[in-house]
Amino acid sequence: MSDSSSASSENGQSRSKAVSVLHSINTALGKIETGLLCLIIAMMLGLAILKIVLRYGFQTSLLWSDIVLQHLTLWLCLLGAALATCERRHISIDVLNRILPENITRWSNLIVDCLALIVVGILAYYGFDFLGDEQSSEAKLIGNIPLWWAKSIIPVGFVLIGIHLVLQIGIHLRISGQVSDISKGEPS
């Protein structure tokens with residue numbers, strides 16, 4: 001019996017370490033996204049203030065500022081969606097959490113995450129397809145910077161959301177394994 005309890009204890013520790021690693025990766029990625037979001041907001045505010053000063057102070061404007069602000073908004077939205085997924089604040093079926101028992105809710109959350117991963121995978125695929133089409137365009141953002149660089153956030157944003165979903169599915173599966181061991185009466 002001591003061999004089975006020590007094996008179970010080692011198994012629980014390895015699951016705990018795996019969950020910790022997955023949480024660390026998810027958190028680190030979330031911190032990078034938060035930093036990028038802060039930088040984008042600062043750039044948008046700076047550009048908007050510069051537009052106002054140039055318009056009313058010097059009766060001139062930056063021709064490229066509107067298109068840059070539009071694309072920064074796109075970056076803000078998709079990075080914000082990735083961060084929301086990191087923090088599990090993305091769209092979910094809240095009604096299920098309220099009416100289903102807790103053990104069933106855990107599995108319904110896993111199913112919702114898997115379905116979301118499928119949808120995000122499809123959106124990322126078509127995002128890369130769209131980006132391929134945009135690369136053939138000669139449009140420029142500012143100077144010699146191709147406009148498709150600004151649009152690259154579309155597939156990248158969906159890939160980031162997918163990474164967060166994969167990490168959360170892994171965490172869920174590891175935690176569910178721990179719960180089932182505990183429910184069987186095995187020491188953790």
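Helices (H or I, at least four residues) and strands (E, at least two) are DSSP runs, numbered from the N terminus. The exercises below use a predicted model, in which local features need pLDDT of at least 70 and side-chain atom pairs count only at pLDDT 80 or more, while totals for chains, interfaces and linings use all residues. Residues are numbered from 1 along each chain as its sequence is written, and side-chain values use heavy atoms, with hydrogens and water left out.

**Exercise 1. Helices and confidence**

Task: State how many helices and strands the protein has, and find where confidence is lowest and where it is highest.

Solution. 
Step 1. The protein has 6 helices and 0 strands. Along the sequence the pattern is α-α-α-α-α-α.
Step 2. Confidence is given as pLDDT, the predictor's confidence in each residue, from 0 to 100. The protein averages a pLDDT of 84, and 84% of the residues score at least 70.
Step 3. The mean is lowest in helix H3 (residues 94–99), at 72, and highest in H2, at 94.
Step 4. Over residues 179–188 pLDDT stays under 50. A contact means heavy atoms within 4.5 Å. For this stretch the model has 9 contacts beyond four places in sequence.

**Exercise 2. The nonpolar core**

Task: Describe the largest nonpolar core and name the residues with the most contacts inside it.

Solution. 
Step 1. A nonpolar core is a set of buried Ala, Val, Leu, Ile, Met, Phe, Trp, Tyr and Cys residues joined through side-chain atoms within 4.5 Å. Buried means under 20% relative accessible area, exposed over 50%, and partly exposed in between (1.4 Å probe, protein chains only).
Step 2. The largest core has 24 residues, and Leu79, Phe158 and Ile161 have the most contacts inside it.
Step 3. At least two residues of this core come from each of helix H1 (2–58), helix H2 (65–86), helix H4 (102–135), helix H5 (147–151) and helix H6 (153–183). H2 gives the most, with 8 residues.
Step 4. As background, nonpolar side chains tend to be buried together in soluble globular proteins.
Step 5. Not counting residues up to four places away in sequence, Leu79 touches Glu33, Leu36, Leu37, Ile40, Ile153 and Leu160.
Step 6. One of these partners, Leu37, lies in helix H1. Leu37 counts as buried because its relative accessibility is 11%. Leu37 and Gly80 are 43 residues apart in sequence, and their C-alpha atoms are 7.2 Å apart in space.

**Exercise 3. Positive phi in loops**

Task: For Gln59 and Arg88, give the phi angle and the place in the chain.

Solution. 
Step 1. Gln59 is not a glycine, yet its phi is positive, at about 50°. Gln59 lies in the loop between H1 and H2, and a relative accessible area of 65% makes Gln59 exposed.
Step 2. Arg88 is not a glycine either, and its phi is positive, at about 55°. Arg88 is in the loop between H2 and H3. Its relative accessible area is 40%, so Arg88 is partly exposed.

**Exercise 4. A patch on the surface**

Task: Name the residues that make the nonpolar surface patch of about 680 Å².

Solution. 
Step 1. Accessible areas come from the Shrake-Rupley method with a 1.4 Å probe; for residues, only the protein chains shown count as cover. The protein exposes about 11,800 Å², of which carbon and sulfur atoms supply 67%.
Step 2. Like charges are joined within 9 Å, and nonpolar side chains (Val, Leu, Ile, Met, Phe, Trp, Tyr) within 5 Å.
Step 3. The patch is made by Ile111, Leu115, Ile118, Ile122, Tyr125 and Tyr126.
Step 4. Among them, Ile122 lies in helix H4. Ile122 counts as partly exposed because its relative accessibility is 46%.

Note on methods
Patches are made of residues with over 30% relative accessible area and no salt bridge: like charges are joined within 9 Å, nonpolar side chains (Val, Leu, Ile, Met, Phe, Trp, Tyr) within 5 Å. A salt bridge is a side-chain nitrogen of Lys or Arg within 4 Å of a carboxyl oxygen of Asp or Glu.
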